[in-house]
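Thanks for coming. I will walk through one chain today, a predicted model, so please keep the picture in view while I talk.

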Amino acid sequence: MNRLKEHIFMIGFMGVGKTSTSRILSKKLGVKENDTDAMIVKQEKKSIAEIFADEGEEYFRKTECEVIKKAAEMKNVVIATGGGVVLNKQNIENLRKTGVIFLHGNLLPGESRFSEWQMRNRLCGIFAAAS
């Protein structure tokens with residue numbers, strides 16, 4: 001049974017559980033689930049890390065904005081977003097069109113997620129010095 005009229009965006013820090021939560025919520029609501037990072041990977045035919053390394057953050061954020069705009073047009077879907085989605089004003093405007101759920105928790109919940117988090121943020125230049 002579909003109990004969702006439009007869509008819901010899941011936002012929050014990287015590694016907080018947006019994708020896992022969107023899968024559970026979509027099953028409970030009887031709707032599809034999607035992930036903007038997965039949409040970007042599919043469109044670009046590269047991993048997020050490869051996009052950052054090859055094209056840079058500016059390119060990634062532009063691509064992310066295009067994907068968020070497409071996702072905002074989807075119906076009956078729960079959509080997990082990347083952790084940096086709120087860095088762009090246009091993304092925020094698209095997110096506000098319907099429901100948004102902000103997940104919060106430990107920024108570094110586990111070693112396996114920390115490694116991905118650390119790598120992606122180094123590629124973004126957030127860490128000035130390598131450990």
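Asn-34 stands opposite Ile-79, a residue of strand S3. Strand S3 covers residues 77-80, and four bridges join it to S2, with the two strands running parallel.

That pair belongs to a wider arrangement. Four strands make up an open sheet, in the order S2-S3-S1-S4, with parallel pairing. At the edges are strand S2 (32-35) and strand S4 (99-103), each of which pairs on one side only. On average, neighbouring strands of this sheet are turned by 20° against each other, direction ignored.

Two helices pack on this sheet. Helix H1, residues 18-29, touches strand S1 (7-12), S2, S3 and S4. The direction of H1 makes about 155° with that of S1. H2 packs on the sheet as well, touching S2 and S3. Its direction makes about 65° with that of S2.

Now to S1. How many bridges does S1 have with S3, and in which sense do they pair? There are four bridges between S1 and S3, and the sense is parallel. Ile-8, for instance, has Val-78 in S3 as its bridge partner.

Is S1 mostly covered or uncovered? Mostly covered: six of its six residues are buried. In a regular strand, side chains alternate between the two faces of the sheet. In S1, His-7, Phe-9 and Ile-11 are on one side, while Ile-8, Met-10 and Gly-12 are on the other, and all of them are buried.

Next, the contact of two other helices. Helix H3 is residues 48-55 and helix H4 is residues 57-72; they pack at an angle of about 130°, their axes 7 Å apart. H3 and H4 are therefore oblique to each other. From H3, the residues involved are Ile-48, Ile-51, Phe-52 and Glu-55, and they meet Glu-57, Tyr-59, Phe-60 and Arg-61 in H4. The residues of this contact divide into five nonpolar, no polar and three charged.

Staying with H4, I will pick out two residues. Thr-63 is located in this helix. Is Thr-63 buried or exposed? Its relative accessible area is 3%, so Thr-63 is buried. Leaving aside residues up to four places away in sequence, Thr-63 touches Ile-40, Gln-43 and Glu-44.

Why does Ala-72 count as buried? Because its relative accessibility is 11%, and the cut-off for buried is under 20%. Which residues does Ala-72 touch, if those up to four places away in sequence are not counted? They are His-7, Phe-9 and Asn-94. Ala-72 and Phe-9 are 63 residues apart in sequence, yet from C-alpha to C-alpha they are 8.5 Å apart in space.

Last, confidence. The chain has a mean pLDDT of 79, and 75% of its residues reach 70 or more. Confidence is highest in helix H2 (residues 36-44), at a mean of 96, and lowest in helix H6 (residues 111-123), at 49. The pLDDT is below 50 over residues 107-112, a stretch with six contacts in the model beyond near neighbours in sequence. Residues 122-131 are also below 50, and that stretch has 13 such contacts.

That is the end of my part.

Notes:
Residues are numbered from 1 along each chain as its sequence is written. This is a predicted model: local features need pLDDT of at least 70, side-chain atom pairs count only at pLDDT 80 or more; totals for chains, interfaces and linings use all residues. Side-chain values use heavy atoms; hydrogens and water are left out. Axes are lines fitted to C-alpha atoms, for helices over the stretch in contact, and angles run from 0 to 180 degrees between N-to-C directions. Angles under 35 degrees count as roughly parallel, over 145 as roughly antiparallel, 65 to 115 as roughly perpendicular and the rest as oblique. Contact means heavy atoms within 4.5 Å. Ala, Val, Leu, Ile, Met, Phe, Trp, Tyr, Cys and Pro count as nonpolar, Asp, Glu, Lys and Arg as charged, and the others, Gly among them, as polar. Buried means under 20% relative accessible area, exposed over 50%, partly exposed in between (1.4 Å probe, protein chains only). pLDDT is the predictor's confidence in each residue, from 0 to 100. Two strands pair if DSSP finds at least two bridges between them.
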